[in-house]
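The structure is shown first.

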There are 2 protein chains.
Amino acid sequence: MARPHLGWIGTGIMGVPMARNLLQAGYEVTVFNRTRGKADELVAIGARWADNPAGAAGEADLVATMVADSPDVESVYLADNGVCAGLRAGALAIDMSTVSPDTARKVGAAVADRGASFLDAPVSGGKTGAEAGTLAIMVGGEAADLERARPVFEVLGKTVVHCGPTGYGQLTKLCNQILCGLNLLAVCEAFVFAQRAGLDVKTMLEVTSQGAAGSWALENLGTRMAAGDFEPMFLIDLQNKDLRIALETARADTVPLPGTALVHQLLAASQAAGEGRLGTQALLRTLQRMAGIAE
Amino acid sequence: MARPHLGWIGTGIMGVPMARNLLQAGYEVTVFNRTRGKADELVAIGARWADNPAGAAGEADLVATMVADSPDVESVYLADNGVCAGLRAGALAIDMSTVSPDTARKVGAAVADRGASFLDAPVSGGKTGAEAGTLAIMVGGEAADLERARPVFEVLGKTVVHCGPTGYGQLTKLCNQILCGLNLLAVCEAFVFAQRAGLDVKTMLEVTSQGAAGSWALENLGTRMAAGDFEPMFLIDLQNKDLRIALETARADTVPLPGTALVHQLLAASQAAGEGRLGTQALLRTLQRMAGIAE
């Protein structure tokens, strides 16, 4: 079978390296992005440019979207020149953004109305995982559609898991973000406690990461905090958008998430301090301000 | 140099396997425990019995204590027939319990008054780590005293870290417990969210543990939660005792720890439900009750 022609919509921090990996794997890719300049790098290595999402979808067997939030996904799919306006019957549309499960279901239904198929397939692993092609991909939708997409997923990630019907990829990603948020707060609280107690923070990080307190956050974000490095691996703004969706979804299901709600409020304090475009590890600065620790 | 004669006080879940490893490594050990029957296993394999802590300390070059809480440690060291009443000048006393840094300093000063030396050396790794001799040991006190104790520590653990002067082992352990508490809450919240959303919880655990959400708690406690296994690796009662000490210490330093305070309150709800003697992963049941999920 010939390789499918791909459409790719969204060329931000994640979208560029993901689409680049597909181009380098030999796929033909037509790209669209709201800000054209951010797609220049992909066009320079062979991507075709489309003037709107319908154009990127129109010649594609498989079109993937990677944008910021639920309204962006709805607009990309449902607007006049959106994906659904161009999508061919029998094509497969995959939203890899992290958005609400409701958005996944709404967009999935619109795609089905075009006679096409839909998967929600949000990812975990951040910019580093996108560049290395080692993302974890959480897939909601029909198993047969996942199999059609598998060769593409295997270029992008190392773990591909079918989580259930449409929306279940997003629900699983929300679990992931609940975990990330509280693990992050854990590192921040241990860090300010250690700082104020006069401990050598690096020694504390070294010994605690050996045992039952260990986590990806401790090893990766703790080290950056100790180095005063707040460059984003993942933005505070996006982490808090994801927690907002988790809390809205949980509230609809009447599931109290007191810890997640607290992290959401503390990240809002980081945003209020103008730090939303820093990496999530900058939540430390909010905890430091609360403890009166000078930066 | 001849092997030091050891005193060992405290033969609970942790103390028995630790002292057993030392006996099996060839040390002579004199033991005392408040409830004598809990030391029977050690006496059966060669430990000598003493009728009180002073007796266990009296013939020891190195005496270690492993009891539950700050008042227990103060009593074991400072009471009429306590360690300090028996300790020989030049001996080394090591408290491996998790207690307040203030208790470590108070007991350390009393030991110094006897012309002996003191280390606070709490451990991480739980019953499994105690049995396997793979504990992480966080040591406060003089570096030279740590070197005297190193052969004993190397029987008990695989990571031995000097954290600073007296009390700094305890301060580091409190950081460890802050991390454990919030990582535990993370797993509980992701779990109830997944349950209520209708996700397959094992699939969620599998995919989230691959990436930035990963933690020791997710891999070890998440798996037990999914199996409905609430047998203790570490008791809710003890985890919450440790968080109480962390919060008291932080308050004295005016460090707000909002997440740790929340975990402390939720674990108190588990205790109120009569679940304090279950493993920490049973915090899930409190979150499930809050969400109206039947057990």
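What distance separates the centres of domain 1 of chain A and domain 2 of chain A, taken over C-alpha atoms? The separation of these two centres is 28 Å. This is a predicted model, in which local features need pLDDT of at least 70 and side-chain atom pairs count only at pLDDT 80 or more, while totals for chains, interfaces and linings use all residues. Residues are numbered from 1 along each chain as its sequence is written, chains are lettered from A and ligands numbered from 1 in the order in which they are written, and side-chain values use heavy atoms, with hydrogens and water left out.

**Domains of chain A**

Chain A is divided into domain 1 (6–165) and domain 2 (171–291); such bounds come from an automatic or database domain assignment. Between them, 16 residues of domain 1 of chain A are in contact with 12 residues of domain 2 of chain A, where contact means heavy atoms within 4.5 Å. The area buried between the two domains is about 1100 Å², and carbon and sulfur atoms give 63% of this area. Buried area is the accessible area (1.4 Å probe) that two parts lose on being put together, summed over both. Thr98(A), Pro101(A) and Met138(A) supply 39% of what domain 1 of chain A buries against domain 2 of chain A, more than any other three residues.

The count between the domains is 1 salt bridge, a salt bridge being a side-chain nitrogen of Lys or Arg within 4 Å of a carboxyl oxygen of Asp or Glu. There are also 6 residue pairs in polar contact between the domains (both at pLDDT 80 or more). A polar contact is a pair of N or O atoms within 3.5 Å; within protein, one must be able to donate a hydrogen and the other to accept it, and residues adjacent in sequence count only if both atoms are side-chain atoms. Helix 6 (101–113), strand 7 (123–124) and helix 7 (126–132) of chain A each supply at least two residues of the domain 1 side. Helix 7 of chain A gives the most to that side, with 3 residues. Helices (H or I, at least four residues) and strands (E, at least two) are DSSP runs, numbered from the N terminus.

**Interface of chains A and B**

Here 60 residues of chain B are in contact with 60 residues of chain A. The area buried between the chains is about 5000 Å², with 73% given by carbon and sulfur atoms. Leu179(B), Phe193(B) and Ala212(B) supply 14% of the area that chain B buries against chain A, more than any other three residues. Across this interface the rule finds 0 salt bridges, but 12 residue pairs in polar contact (both at pLDDT 80 or more). Elements giving two or more residues to the chain B side include strand 8 (135–140), strand 9 (157–164) and helix 9 (168–197) of chain B. Helix 9 of chain B gives the most, with 21 residues.

**Buried segments**

Helix 10 of chain A has 6 of its 8 residues buried, that is, under 20% relative accessible area, whereas exposed means over 50% and partly exposed in between (1.4 Å probe, protein chains only). Its buried residues are covered by elements including helix 9 and helix 11 of chain A and strand 8, strand 9 and helix 9 of chain B. Ser215(A) lies in the loop between helix 10 (201–208) and helix 11 (216–226) of chain A and is buried, at 5% relative accessible area. Beyond its neighbours within four places in sequence, Ser215(A) is in contact with Asn183(A), Asn183(B), Gly214(B) and Ser215(B).

In helix 1 (residues 15–24) of chain A, 8 of the 10 residues are buried, so this helix is largely enclosed by the rest of the structure. Just after helix 1 of chain A, Gly26(A) takes a positive phi of about 100°.

**Salt bridges**

The count comes to 30 salt bridges over all chains. Four of them are listed below.

| Pair | Closest N and O atoms |
|---|---|
| Arg244(A) and Asp69(A) | 2.9 Å |
| Arg48(A) and Glu28(A) | 3.1 Å |
| Arg148(B) and Asp145(B) | 3.5 Å |

Glu74(A) lies in helix 4 (residues 70–78) and Lys106(A) in helix 6 of chain A, so the pair ties together parts that are 32 residues apart in sequence. Arg148(B) and Asp145(B) are 3 residues apart in helix 8 (residues 143–156) of chain B, about one helical turn. Arg148(B) is partly exposed at 40% relative accessible area, whereas Asp145(B) is buried at 10%. Salt bridges that share partners join Glu28(A), Arg48(A) and Glu59(A) into one network.
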